[in-house]
Amino acid sequence: MRPRPRPRTVWQALPARGYLISPWPWRAVAYLVTGAVAGAATLVGIVAALAVGGVLSVVLVGLPLLVLTALVGIPVARLERHRLRLIDRAPAPARPVRQPAATGPWPWLIIRLRERATWRELGHALLFALVLWPLDALVVTFALAAPLHLATIPLLMATAGGGEEAKVLKQWTVITWPAASGVAVFGLFLFVLGAYALGLAAGARAELTRVLVTAPHEGGAEARLVELTRSRARLVDAFEAERRRIERDLHDGAQQRLVALTMALGLARLDAPPGPLADQLAKAHGEAGKAMEELRELIHGIHPKVLADYGLPAAVADAADRSAVPVDVTLELPGRLPRAVEAAAYFVVCEALANIGRHSGADRAEVTGGHRDGRLVLRIRDDGRGGADAAAGSGLTGLADRVSVLDGRLSLSSPPGGPTLLSVEIPCAWTERFA
């Protein structure tokens, strides 16, 4: 006969025959008692922080403390996830939050204040401090302390009352040993019922905590959406890394070989006497030079070195210099952006300038933008004939898909007669270490 699996939660242990002699009633007691202590400490901490912050806010010193009070739910939620192991052995991971692109406390604070999980954890901390811990204390008192007191009435009668009387819950007086024994038996009966009540209360309390401060079950739609978003970001990063590798291999390998071949053909052309051989060498030398120029353009299109070394403003200025239409660039950024964002924005600008040169008939174009409210904003405008359609094979459909991978938006306004305005917005944080 196969042995039954060991219970992993208090809910699985409650129906078992050996529940009363198992560790689970004591684990439930430990969970509720530590909850009462932690909740009381949380209440004191919140009240103290609000009081000190409110008093010091008159001189503006307390305002940062009041802001930090909104983050009190983070350590409380972390403690609750650890306490859940007393009742439920299943993993209790934190709800996923975005990681700041830059290091330091300020980017982290901005990200956390914008996360829904932060406010959910703050709500749990307030509920914990105001409602849950008093309930934990009441359950332990009525389900454990009261039956234990009743069960020890004979002992109290023998010691405190000199064998003559004893107070029951400070309400009734027992003056005979049969009555004291009956109260003790009734206390043991309530003790058994209390053990089950403690398990039920601890299980319900743990379920509420799991809903509020832990990540949803792996099979949930929200978890699948989070994993899909993460995998999409990983694919973007892997794609950019592959582009950089191809650019590096072409630059350090094929281009260097073409340079060596061009030099060798040039030297052979100088040494060859006039005639058909010299003409063929001159033709081969010219073709090698053209191939090297095309390879340089290909390398620049895969991942321009100026973008990797100097950032988006320098790369956009370089693309504007190579444009067939004069372009004014006004792009102000506080520092470097994530590589995937820089690459997507750069190729949007390049494709837009290429379309302007080929189709718009414009005399002038401009590229403006900057970093505002946690988003990279770009505007590419031209004074051409207008009438552009992103869905009519202009090349912008693929760029729109690429921007959407980064949770960005690409919109096109191009009425007949112009002007044409291409707008791009990509959420991102600037990277301080590259500033």
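Buried means under 20% relative accessible area, exposed over 50%, and partly exposed in between, with a 1.4 Å probe and protein chains only as cover. The model is predicted: local features need pLDDT of at least 70, side-chain atom pairs count only at pLDDT 80 or more, and totals for chains, interfaces and linings use all residues. Residues are numbered from 1 along each chain as its sequence is written, and side-chain values use heavy atoms, with hydrogens and water left out.

**Stop 1: aromatic pairs**

Select Y346 and F347. Both are buried. How many aromatic pairs does a search of the whole structure find? The search finds two. Rings of Phe, Tyr and Trp (its six-membered ring) pair if their centres lie within 6.5 Å; planes under 30 degrees apart count as stacked, over 60 as edge-to-face and the rest as tilted.

Now select Y19 and Y196. Their pair is tilted, at 4.9 Å centre to centre with 35° between the planes. Y19 sits in the loop between α1 (10-13) and α2 (24-56), and Y196 in helix α8, so the pair ties together parts 177 residues apart in sequence. Helices (H or I, at least four residues) and strands (E, at least two) are DSSP runs, numbered from the N terminus. Y19 counts as buried, at 1% relative accessibility. Y196 counts as partly exposed, at 29%.

Go back to Y346 and F347. Their ring centres are 5.2 Å apart and their planes stand at 75°, so this pair is edge-to-face.

**Stop 2: charges over rings**

A charge sits over a ring if NZ of Lys or CZ of Arg is within 6 Å of the ring centre and within 35 degrees of the ring normal. Select W24 and R27. R27 lies over the face of W24, 4.8 Å from the ring centre. Then take Y31 and R83. Here R83 lies over the face of Y31, at 4.3 Å from the ring centre.

**Stop 3: helix α5**

Select residues 105-114, helix α5. Which residues are buried in this helix? They are L109, I111 and R112. Exposed W106 and R114 are on the face turned away from the buried side.

**Stop 4: L208**

Select residues 177-213, helix α8, and find L208 there. L208 is partly exposed, with a relative accessible area of 33%.
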